[in-house]
Every structure is written in C-alpha cells, then in structure tokens.
Amino acid sequence: MRLVIIGGGISGLSLAYFLLERKPFFDIIVLESEKKAGGKIWTEKINGFLCEGGVNGFLDNRPKTLDLVAKLGLEPLRSNDNARKRYIFSGGRLHLLPESPVSFLTSGLLSLPGRLRVLGEIFVPKGATDEETLADFARRRLGREAYEKLIDPMASGIYAGDPENMSVKSCFRRVYELEKKYGSLIKAMITLQKEAKKTGEKVGAGPGGVLTSFFEGMQTIIAALKDRLGERVKTGSRVIAVDKKDDNYTVYTSGGLQIEADAVVCAAPAHEAAVVLKSLNENLSSVLNEIPYPAVSVICMGYRRTKIERSLDGFGFLIPNRENRKILGTLWDSSIFPNRAPEDHVLLRSMLGGARMSELALKDENALINLVMDELRYILNVRTDPDFFKVYTHKKGIPQYTRGHERRLDRISEIVKGFRNFYITGNAYSGIGVNDCIENSYKLAGQILEGAN
C-alpha cells in the first residue's frame, strides 16, 4: 500500500513517523511545497540570536508529544521560572497578570467593580446556545471589563483572533465543558481543587503545563523527524491536484510528477488544501475555503542589555484591543529560554496583524520595523535602534475557529467519508498547537492502519 502525505509540517511528519513506527515497511511519501519542512515551525540562528519565525514551543502536559520527543532522542527544555510572570499592557503601563486568588483581589489590572463582577460569575446561569462567541461567553460569565482586559489579549496571544467571531466551543473547549458540567467556572475550580488534593495533580480552566522547547529551538523536532523519515520527505514538491479513479488516487505536482497512491492524507493548510482538492470534490474545497487565515508578522529584535532600561524578568506582555496599539504583544524570548541571544544581549519578539489588523502584517519590512520600534518606545521606553532584527511575514497565518466551526468540521467529515483511504488533518480543524497536531496524527495513524488491514 502506497500512502502520499501532502504537507510536511508537524502534522504530516509526525503522522509518517507514527505509521512507520508501527509498520516499518509502509510505503510513504511526504510532499512538502516549501524548500524546508516544518510549516510554521521555523528556527534561524543569526548573529548569535536564535529566532523563532512562528511556533515558539509546546506545553509539557500532553504525553504524546513528550513520548515522541523521547523516542527521537531529544532533550526538551522547559522555560525559565521567571517566564511564569506574564504582563498585560493596560492604561499606559504593564500589569502583572494575577496568578492566584489573592493576587487577583489585590491587582490593579481590574477595577474593584470589575473584580467583584468576576466573583459574581458563580451566580451566572449557563449559556443557552452552543454557538456562542468567546466575547459573548466572557462578557456573560465574567463581565465586560474582565473580557476586555484579560480574555481579549489572551485570544490575541494564542490565535491572533477576534473574540467577537471566535467560537468558544471550538477554541476553548475545556472552558465550555466546565460551564456545561458545573454551571459555573468558579464552582468548577472549587470542585476540581478538592479532587486535586486527593490526587496531587494541578488543575485549572486553562491548558496548564509549562512552555517547553529545545536548546536550539523548535526546528530541532522537525530536523529529527526529517532525519528519521529520510528520503521519504520530498521538499520543494508542490501538489497542485488530486484525482481519484476507482480505488486509486493520482497526485499531481507542479514539477510534472504523477504519483499513484492507494491512500492520501492532506495535511496542508486548509487554504492550500482547498486548491489541491478542488478537482477531487468542489464541495470539500468550498468548505475548506471558509476557514480564515489572517496575516501575521513576527518581528525579532536584538539589543544590548544596557539599552533596555526596564527589567525583562518575565514572559512578556499582551495588549488588549481597547488600548488601540499596533502590536498584539511582545515576548521577551531571551528571558524565557537560554541560548536565544548572545551574552549581554536580549531578544524581543513582537507579533502584529491577526484577525483585526491583518493589513498591518503585510506592510514592507522597514515599515514593520519602524512600527514595532515606535510601540516599544511607548511601552518599554526603548529609545535606541535594535542591534539586530529579522522579520517573518505569514500572509496566511493562524487558522481561525470562528462561529460555525463545528458545523464546518461535520461537513468536511461527511464528505471525506465518501472517499475510501482519504484523510484530512492539520491545525485548521481540532487544535492549532503542536500538541494537538501530534496527538491527532497519532490517532489518525491508528485509523489508517486499521483501514489498511
């Protein structure tokens, strides 16, 4: 049986690995359109600065990722303890994000009425619809101020999204399920804390875990997977179409290749899959095109430590939309992981664009650098030019799970069921993070092998 995997990001590469782990002689080809594998995982070391062009890590709370890392012989690197400190820029200054009930009650980030409104969440009834946006959910349960100052920047930091359009069920399923089960997030936390005392496990409404990467950055796991897969990975091989005849598929590349396959997995981004699969099924292509991908730019800037007056003891900061700033936030990368900057230097990484300001991310490099410098001058009082900078622009950035996402997934699943030995995976469907992609690939590998028997 020959299987062609379209897309050499973390989803496609980990899927191929899991299949070969269980069936070493499986005939697999991974076709990646770019000259490098890895998709949005892209690490470069330039002048001693280690820059992540996209994904900067994964949480260490999902066993499948840690198992894969161990099998690849890699050593994970947990973020520094000071990276637990996270800030929100609000009202012209940085506020430490509260980490405990006591710090929440004493924090100046929310006004006293805003804090009392959050505590009143325990009396708020359950939502009446499954199609609630994150903004509506947060305002209903926590109040407008908490939504604007806490939930909104979190959504921008994770998805570069607009909470007014994001599906709370699709984006933050655990939070959605806690409300359904317990009727209140506060009630849920109280109950889970009691259960945790018996087991010793930490609990929370969020995903938990510690941000983790590798000493040489996230490209480490891509390089290890590519090394294990060897010549099965064909970079610079753009797929332009897939056709089906009887029970066989033909995969066409821009280089003129026609590859016959018994099974096909499309692990490309949804917007690329829509083009590739149009000849296979126009309805499928149409649904895939409904998943938005706003532009996002990542700007890495290196400075001599003496040029930054403010302490960078923390993870970085996010900015609520109500502040009307041009960047989504800035991570203090050299404070999060070692080996990110030369000695006596720091590396800052700012993000801009996203669902609400996509056009900003598409400005030319000089305009982006000047824009970020203006923002850092205002927020961090950085008065000098950087000693180093690098710009990464993703014209199609992070897939958005907008309202109606669950219905789109149902339609995709129904269409795909009509094609034997054909599958779709990737971060556009059931989780955008590295952990989600790896876990979904592991499950899909089992499904493919079961169907091959």
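Reader: What is the strand order of the open sheet of 7 strands?

Author: This is a predicted model in which local features need pLDDT of at least 70 and side-chain atom pairs count only at pLDDT 80 or more, while totals for chains, interfaces and linings use all residues. Residues are numbered from 1 along each chain as its sequence is written, and side-chain values use heavy atoms, with hydrogens and water left out. Strands (E, at least two residues) and helices (H or I, at least four) are DSSP runs numbered from the N terminus, and two strands pair if DSSP finds at least two bridges between them. With mixed pairing, the order is 8-7-16-17-18-15-19.

Reader: Which are the edge strands of that sheet?

Author: An edge strand here pairs on one side only. The two that do so are strand 8 (93-96) and strand 19 (388-394).

Reader: How many bridges pair strand 15 with strand 18?

Author: Strand 15 covers residues 296-304 and strand 18 covers residues 345-353. Within this pair, arginine 304 stands opposite histidine 345. The two strands run in the antiparallel sense, and the number of bridges is 9.

Reader: At what angle does helix 14 run to strand 15?

Author: Helix 14 (residues 365-380) lies across several strands, including strand 7 (86-90) and strand 16 (316-318). Contact means heavy atoms within 4.5 Å; axes are lines fitted to C-alpha atoms, for helices over the stretch in contact, and angles run from 0 to 180 degrees between N-to-C directions. The angle to strand 15 is about 60°.

Reader: Which residue stands opposite threonine 250?

Author: Strand 12 (residues 248-253) is joined to strand 13 by 4 bridges, and the two run antiparallel. The residue in strand 13 opposite threonine 250 is glutamate 260.
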